[in-house]
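Here is a friendly walk through one protein model, written for someone who likes to check values against coordinates. Please keep the viewer open as you read.

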Amino acid sequence: MAGLPLPPPNPPPLSTRNQTSTSSSANFAQIPSWVSLKRSSSTIRTEKIQQGKLENLHLVSLSKQGKLKEAHDFLKEMDDADVSVTPHSYQCLFEACGKLRSLADGRLIHDRLRRTVKNPSGSIENCLLRMYCDCGSFIDVQKVFDEMLMKNLVSWVIVISAYAKNGELEKAIRLFSDMQASGIRPNSAVYMSLLQSCLGPSFLELGKQIHSHVIRAQLNANITVETAICNMYVRCGWLEGAKLVFDGMDAQNAVTWTGLMVGYTQAKKLEVALELFARMAMEGVELDEFVFSIVLKVCCGLEDWDMGRQIHSHIVKLGVESEVSVGTPLVDFYVKCGDIESAYRSFGRISEPNDVSWSALISGFSQSGRLEDCIKIFTSLRSEGVVLNSFIYTSVFQACAAQANLNMGSQAHGDAIKRGLVSYLYGESAMVTMYSKCGRLDYARRAFESIDEPDAVAWTAIISGYAYHGNAAEALGFFRRMQSYGVRPNAVTFIAVLTACSHSGLVAEAKQYLGSMSRDYGVKPTIDHYDCMIDTYSRAGLLQEALELINRMPFEPDAMSWKSLLGGCWAHCDLKLGKIAAENLFRLDPGDTAGYILLFNLYSAFGKWEEAGHVRKLMAERELKKEVSCSWISVKGQVHRFVVGDRHHPQTEAIYSKLEEFKCSVVDSPVRLLNEEDDVSCSLPARKEQLLDHSEKLAIAFGLISTEDNAPILVFKNLRACRDCHEFGKQVSMVTGRQIVVRDSTRFHHFKSGKCSCNDYW
């Protein structure tokens, strides 16, 4: 509706009645300039009263709009015009100050109240109390409260609740006692605030005392109070007490059921939590979105995927699948059960996904190995200006680490810093891992050193980085630093430490660290730690020690135990022990292609061609499909990928021409062995030619023709480097003087001047 038109500059004489009518019907969102607060003494009493209403209405309007500066200016004009501020206006002003957490404005208005009002009403004083509570100024709260002549129930509720919410439970309890001593009977709000502040086992006895007060006050029949008592016992870890209260209730609502479910979930009693949900559904309790969030987490914990899908069906029947608070837990559930397609479909049904929804989906793509999809969605979200969170960036760092995508990883890092979305410790640790896996150990170290107080995860990330780069001295140095800072290593830390020892032949050190785990650090070794020790013995040629450890360790050996021994037998030419290791490996994991290749090579090295042929035949009969070998290199921000025998690259001729320069190193090799990149159906002469076409060599050759002569070449490979490619890297580094860095599936190889950082020990 249009506002009232302004009068002309020189209005004709009007009657008093007309003037009053015009003023009282003005648009108060903005006081017109022709309304003056300074009226002559001849203005009649009635008009002045109407004018006071106008000013107070405008003051209330400014308060509700949060325009406190304008409100202060207008208050001065009201003072000059001798217009009083009504109690309602004061209440609105204090509410605005509290809502905006504007303590300075609140104190100014409080000072004005003291100057102009001798005995403010109890409602105004309560508003003042609430304003100081909302602003967190408990000095002012206590002062106002102490000066109050008449404290009513509302006053006590405001102060007790504020202290309890602020974590000052001892002060709240003292006030609670004072309240009772003054003769005022506490209501349910007081008890609720006290119960909600009991946040752990140390508060259990106090919680029981509050419960007894509730019973004496005859408020225990109130479902809201009973629910608060039940939840208090859950938070304090006394599930038996929570269950007693729950069972004694005349009726339970969804909040009561969910609170108890949360308790059993936190106590790892997942079966009981699931039974509660089943009872809840059978008794026809109205289910809310929080219930579904909890029960889906329970299904994940139990790995009961069928039950989770049944709950999904129930959600569909209720028609709430499109709600973000329900759809997001569904996405998370399917991600955790490894069904990324169902997760994607559930995400697509969310009407308005938020940053948590996107985070769940991106995390799912990252964890399931769909790294391209993860990066693609992240890039799209950035360009569209969608709100992101720190968990999204952490997932992107992890995806870039797995993909060795340094370009995107560094972009995401910079973007996260600008937005302030680098998750403390967790995200920072992911960055350390990302840079180390992308071959930039210098960046990884800088990222680590920038962490204020690194935790065990961060220390483990940097130790692992140096371990997989073959720098055991630095890795163990960081482990000692970790101890000096008082950070306790965890099981994963010891995996990194033992890996560093294994890749550098530090047998004695590995034995010492394995023995110290439970003795000095309280970390119980697992089969993974023993497998690291078996690998250390095997790489060092101590094959009998490795076999003895397999036989006497407190675990049944797994496939990795025998695979590590088989690898050592191949490296150190022990056919007898190698056959034993292979037999046990194939029994535990008959589909392990690498194991067959190791055995084939072992037979070939001893000239056992009939047995080697039998291994090839066995692979063919079992239709073993090797993972396609792929190597990639990033040049000028673009990733170039190669597979064995690849001839699809635009610069194929130049790549193979460069390879011809190093062909003699392949053809003159006396023994041809089977590698993970070779086609097992090929004849041995045909494999001679295949060796030149290995993806790693193609990537290195492309690097040689596409980068500056003095620039290092960084290549990534999804499989373990074969011996021939390893020799090729050494030769290229010696002939060209270039540094070649190759990350295979197990570690980094730094080739320089004809030598590798692994000392041919990988």
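## An enclosed helix

Helix H12 is largely enclosed by the rest of the structure, because 10 of its 13 residues are buried. Here buried means under 20% relative accessible area, exposed means over 50%, and partly exposed lies in between (1.4 Å probe, protein chains only). Helices (H or I, at least four residues) and strands (E, at least two) are DSSP runs, numbered from the N terminus. The model is predicted, so local features need pLDDT of at least 70 and side-chain atom pairs count only at pLDDT 80 or more, while totals for chains, interfaces and linings use all residues. Residues are numbered from 1 along each chain as its sequence is written, and side-chain values use heavy atoms, with hydrogens and water left out.

The buried residues of H12 are Val225, Glu226, Thr227, Ala228, Ile229, Cys230, Asn231, Met232, Tyr233 and Val234. They pack against helix H10 (188-196), helix H11 (204-216), helix H13 (239-248) and helix H14 (254-266); packing rests on contacts, meaning heavy atoms within 4.5 Å.

The length of H12 (residues 223-235) agrees with expectation: at 1.5 Å a residue it should span 18 Å, and its end C-alpha atoms are 18 Å apart. The expected span is 1.5 Å times one less than the number of residues. At the start of H12, the backbone nitrogen of Thr224 has a side-chain oxygen of Asn222 within 2.9 Å. After the helix comes Gly237, with a positive phi near 80°.

## The sheet

Now to the strands. Six of them form an open sheet with mixed pairing, in the order S2-S1-S3-S4-S5-S6. Strand S2 (638-643) and S6 are the edge strands, each pairing on one side only. Two strands pair if DSSP finds at least two bridges between them. Some of the pairings are set out here.

| Strands | Sense | Bridges | A bridge pair |
|---|---|---|---|
| S1 (residues 630-635) and S3 | antiparallel | three bridges | Ile633 and Val715 |
| S3 and S4 | parallel | four bridges | Leu714 and Val741 |
| S4 (residues 740-743) and S5 (residues 748-752) | antiparallel | four bridges | Val741 and His750 |

Strand S3 (residues 713-717) is mostly covered, with four of its five residues buried.

Leaving aside neighbours within four places in sequence, Cys756 touches His726, Lys730, His749, His750 and Phe751. Gln739 lies 17 residues from Cys756 along the chain, and their C-alpha atoms are separated by 10.0 Å.

## Cysteines without a bond

How many disulfides does the structure hold? There are zero, a disulfide being a pair of cysteine sulfur atoms within 2.5 Å.

## Confidence

The mean pLDDT of the protein chain is 87, and 89% of its residues reach 70 or more; pLDDT is the predictor's confidence in each residue, from 0 to 100. Over residues 39-46 the pLDDT is below 50, and this stretch has four contacts beyond near neighbours in sequence. Residues 666-673 also have pLDDT below 50, with 14 such contacts in the model.

Methods: A polar contact is a pair of N or O atoms within 3.5 Å; within protein, one must be able to donate a hydrogen and the other to accept it, and residues adjacent in sequence count only if both atoms are side-chain atoms.
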